[in-house]
Structure formats: C-alpha cells, structure tokens
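Take a first look at the fold before you read on. Then follow the chain with the text beside you.

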Amino acid sequence: FLDEFSYDETKNFLSSCEIVYFLQSLAMKGPGLLPVKGYMVRQYPDNFKVARRTDDGAKTVIAEYDERPARKDLDELFFKDSEERDKDLGLFERLKRIQKEASNI
C-alpha cells in the first residue's frame with residue numbers, strides 16, 4: 001500500500017505495472033504430504049519459470065507461464081509432478097523426506 005487511505009488507487013497502480021524481475025521460493029506438497037521444494041522466477045522479457053529441486057540438489061524447470069500463475073495452479077502442478085517423479089518411493093523414503101523437511105523448520 002502506498003498509504004492506508006488510497007487502497008483502490010494502489011491496487012489500480014500495481015495492476016498497471018509489469019513485473020520485470022520476480023523470485024519466489026516455493027515449499028509445496030506432493031501426494032501423502034511429501035514435501036517438494038521449488039522456486040518461481042521471471043526476468044523480463046522472459047516468461048515466469050517454475051522449477052523443482054531434484055534429489056541431487058539440481059533444479060529442473062517444470063513449467064513456464066506468460067502470466068504469473070495462481071497458487072492453486074502451482075499446487076496442482078507440483079502435486080502432479082511429484083506424483084509422477086516420486087511414484088516409486090517406498091514408505092521409508094517418504095518418511096525420511098518428511099523428517100528432513102521437518103528438521104529444516
């Protein structure tokens with residue numbers, strides 16, 4: 001907010017702007033509350049890129065968007081990606097990942 005009395009003017013001003021640089025860390029959930037780390041980035045004039053961190057610490061771009069995606073779309077994207085990538089994980093491996101994530105809090 002520019003100030004508390006100009007909420008509508010602030011929203012109108014911000015909606016007229018184009019995001020030229022954006023970086024957001026994402027902590028998402030896969031099937032069975034499996035934690036999935038990722039990020040979303042945009043560097044004008046490129047699209048918004050959404051990436052997932054892989055087990056070896058690398059990043060893999062899993063989607064690109066012209067416009068900033070809604071949180072609901074990101075939830076679905078990460079869930080489906082994790083469903084496919086992590087389908088062969090056993091119960092023990094899933095529990096290890098959940099425990100590792102809990103220890104990072």
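**A walk through the fold**

Helix α2 holds both Arg71 and Asp75, which sit four residues apart, about one turn of the helix. Helices (H or I, at least four residues) and strands (E, at least two) are DSSP runs, numbered from the N terminus. The model is predicted, so local features need pLDDT of at least 70 and side-chain atom pairs count only at pLDDT 80 or more, while totals for chains, interfaces and linings use all residues. Residues are numbered from 1 along each chain as its sequence is written, and side-chain values use heavy atoms, with hydrogens and water left out.

Arg71 forms a salt bridge with Asp75, and their closest N and O atoms are 3.5 Å apart. A salt bridge is a side-chain nitrogen of Lys or Arg within 4 Å of a carboxyl oxygen of Asp or Glu. Side chains of opposite charge can pair when their charged atoms come close. How exposed is Arg71? Arg71 is partly exposed, because its relative accessible area is 43%. Asp75 is also partly exposed, at 38%. The cut-offs are these: buried means under 20% relative accessible area, exposed means over 50%, and partly exposed lies in between (1.4 Å probe, protein chains only).

How many salt bridges does the structure hold? There are three. One of them joins the side chains of Asp81 and Arg52 (3.1 Å, N to O). This pair links distant parts of the chain: Asp81 is in helix α2 (residues 71-85), Arg52 is in strand β3, and 29 residues separate them. Asp81 has a relative accessible area of 13%, so Asp81 is buried. Arg52 is at 5%, so Arg52 counts as buried.

Another salt bridge brings together the side chains of Arg42 and Glu18 (3.2 Å, N to O). This pair, too, links distant parts of the chain. Arg42 is in strand β2, Glu18 is in the loop between α1 (7-15) and β1, and they are 24 residues apart. Arg42 counts as buried because its relative accessibility is 7%.

Now turn to the strands. Two strands pair if DSSP finds at least two bridges between them. Strand β2 (residues 35-43) and strand β3 (residues 48-53) run antiparallel, joined by four bridges. A hairpin of four residues connects β2 to β3. Find Gly38: its bridge partner in β3 is Arg52. Strand β3 also runs antiparallel to strand β4 (residues 59-65), with six bridges between them. There, Arg53 has Lys59 in β4 as its bridge partner. The hairpin of β3 and β4 has five residues between the strands, and Gly57 in this hairpin takes a positive phi near 90°. In a regular strand the side chains alternate between the two faces of the sheet.

Next, look at the rings. Rings of Phe, Tyr and Trp (its six-membered ring) pair if their centres lie within 6.5 Å; planes under 30 degrees apart count as stacked, over 60 as edge-to-face and the rest as tilted. By this rule there is one aromatic pair. The rings of Phe22 and Phe48 have centres 5.9 Å apart and planes at 70°, so the pair is edge-to-face. Phe22 is in strand β1 (residues 21-29) and Phe48 is in strand β3, 26 residues apart, so to find them you look at distant parts of the chain. Both Phe22 and Phe48 are buried.
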